Amino acid sequence: MKVITTALVCLLLARAWLQDVDAKSMHVSSSNCCFTLVERKMSLQRIQCYKNTSSTCSYKNHLILKLNGGREACVSQTKSWVRAYLKRINPCQ
């Protein structure tokens, strides 16, 4: 009886551990992905820094701009004004 109980406890613990590992590996914070893009050129003075989106995001070639006041905006790296701004602003730390 003790062997069956021990085996059952081990199986339950292994299952719980595997679910925890799987949940962590599949988690992608929505703050690291862009779903709506700003199309119009914005003022360079509004931008503090930029960061790349996660490699697991559906849409590629997007950047997240950190704006004054704590807001963020997503833009496409293919826009000419974005490429010009990247030469003048730093990546976020």
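Predicted model: local features only at pLDDT ≥ 70, side-chain atom pairs only at ≥ 80, totals over all residues.

Tutor: Residues are numbered from 1 along each chain as its sequence is written, and side-chain values use heavy atoms, with hydrogens and water left out.

Student: In what order do the elements of the protein chain run from the N terminus on?

Tutor: Helices (H or I, at least four residues) and strands (E, at least two) are DSSP runs, numbered from the N terminus. The protein chain has 2 helices and 3 strands. From the N terminus on, the order is α-β-β-β-α.

Student: How many bridges join S2 to S3?

Tutor: Two strands pair if DSSP finds at least two bridges between them. S2 pairs with S1 in the antiparallel sense over 5 bridges, and Lys-66 of S2 is the bridge partner of Cys-49. Lys-66 also stands opposite Glu-72 in S3. S2 and S3 run antiparallel, and the number of bridges that join them is 5.

Student: Which residue in the turn of the hairpin formed by S2 and S3 has a positive phi?

Tutor: The hairpin has 4 residues between its two strands. A positive phi of about 85 degrees belongs to Gly-69.

Student: How many residues does the largest nonpolar core have?

Tutor: A nonpolar core is a set of buried Ala, Val, Leu, Ile, Met, Phe, Trp, Tyr and Cys residues joined through side-chain atoms within 4.5 Å. Those with the most contacts inside the largest one include Met-42, Leu-65 and Trp-81. Strand S1 (47-52), strand S2 (62-67), strand S3 (72-76) and helix H2 (80-86) each supply at least two residues of this core. The size of the largest nonpolar core is 13 residues.

Student: How many residues of S2 are buried?

Tutor: Buried means under 20% relative accessible area, exposed over 50%, and partly exposed in between (1.4 Å probe, protein chains only). Buried residues make up 24% of the 93 residues in the protein chain. S2 is mostly covered, and the buried residues among its 6 number 5.

Student: Is Thr-36 buried or exposed?

Tutor: Thr-36 lies in the loop between helix H1 (2-26) and S1. Its C-alpha atom is separated by 8.5 Å from that of Ala-73, 37 residues apart along the chain. Because its relative accessible area is 63%, Thr-36 is classed as exposed.
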